[in-house]
Amino acid sequence: MEPGFSPSDIDTSRPHPARMYDFYLGGKDNYPVDREAARQVLRAAPEGRDIARANRAFLQRLVRFLVGKAGIRQIIDIGTGIPGAGNVHEVAAEIAPGTRVVYADNDPIVHVHANALLTSSGSTRIVLADLREPGKILTHPKTRDLIDFSQPVALLLVAILHFIADDEDPAGLVAALRDALPPGSYLGLSHATNDFHTETAAVAAAVYNKATSSATLRSHAQIAAFFGDWDVVDPGLVQVPLWRPDGPPPGPRELRRMWIYGGVARHPG
Ligand SMILES: C[S@@+](CC[C@H](N)C(=O)[O-])C[C@H]1O[C@@H](n2cnc3c(N)ncnc32)[C@H](O)[C@@H]1O
């Protein structure tokens, strides 16, 4: 546990994105304030649960690609979420046991649950840290302990960047993280969009803005820009169910409800 941190730091008086996401996914690690805010989102956007599930499935396919096809053996996952079924280190270990994973999240509840889950694992660490302070994540002793920055790293920013407002310089934050990684590294991300289902998405984002951290929906071009000059891997930045699906992709009606893009890019060289 981080010095100076105690589970009593968990604030149950206002909703938190990690606990709302846990509620969408059917988890039990959420409080009445989270459920109330999440229900407001679901009233505006009943597809919210399906989006959360599709995003989680994307994350797992992404990790299988990174560890299986790309041969990555170290991962930094920022915006971890409350551990649930099929966590990053578990999916990675199914393919390559010993794959090293540093989790980072700014929500104390994630820290408490991840610590409980990870105490037996020598190849996984959890850092209580904020994406808005990338230097602290990169230089944290737990990160330095586990990650060899001379070898390719997969950086995961899955369903987190929409919680960073434009005036917090998300492009600069992501660039700082990309710049710390050697050639052959990967950046995998997903991000809610306002390219379609615009009104529904805007109402859902407004609930977040009012209740918890601000949510900023971005266009395909704005999200793709987070990859910088890295090479985007096929099939590109697409709605998450279309990213290397395990089975037949969903039809157009189902797809229209999925206002979230995902993709992965590789540091050239
Ligand atoms: C929607 S969940 C995504 C969880 C997981 N990445 C997934 O896709 O299944 C977003 C997570 O990002 C975390 N988060 C939001 N803003 C953050 C920030 N500025 N720094 C670190 N973590 C943040 C939340 O606490 C939450 O756990």
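Which residues line the largest cavity?

1. **Basis.** This is a predicted model, in which local features need pLDDT of at least 70, side-chain atom pairs count only at pLDDT 80 or more, and totals for chains, interfaces and linings use all residues. Residues are numbered from 1 along each chain as its sequence is written, and side-chain values use heavy atoms, with hydrogens and water left out.

2. **Cavity.** The largest cavity is lined by R56, L59, D77, T80, G81, P83, N87, V88, Y103, A114, L117 and L118. A cavity is a set of points, on a 1 Å grid over the protein atoms alone, where a 1.4 Å probe fits but cannot get out; lining residues have an atom within 4 Å of a point. Two elements, α3 (48-69) and α5 (108-118), each give two or more residues to this lining. α5 gives the most, with three. Helices here are DSSP runs (H or I, at least four residues), and strands are E runs of at least two, numbered from the N terminus. The cavity holds about 60 Å³, a volume being the space filled by probe spheres set on grid points joined across faces, edges and corners.

3. The ligand sits in the largest pocket; that is, more than half of its atoms lie within 2 Å of the pocket's grid points. A pocket is an open set with protein on both sides within 12 Å along at least five of seven lines. The shell has 21 residues, with Y21, N55, R56, G79 and D105 the closest; a shell residue has a heavy atom within 4 Å of the ligand. α3 gives the most to the shell, three residues.

4. **Polar contacts.** These are pairs of N or O atoms within 3.5 Å. The side chain of D105 places an N or O atom 2.6 Å from a ligand oxygen. For the side chain of N55, the distance to a ligand oxygen is 2.8 Å. At L131, a backbone N or O atom lies 2.9 Å from a ligand nitrogen. The protein covers 97% of the 600 Å² of accessible area that the ligand has on its own (Shrake-Rupley method, 1.4 Å probe).

5. **Largest pocket.** Its volume is about 890 Å³. Of 44 lining residues, P17, A18, A159, H162 and F163 are the closest to its centre. α3 gives the most to the lining, with six residues.

6. **Second largest pocket.** This one has about 160 Å³. Its lining includes A18, Y21, R56 and G81. α1 supplies the largest share, three residues.

Key:
A polar contact is a pair of N or O atoms within 3.5 Å; within protein, one must be able to donate a hydrogen and the other to accept it, and residues adjacent in sequence count only if both atoms are side-chain atoms.
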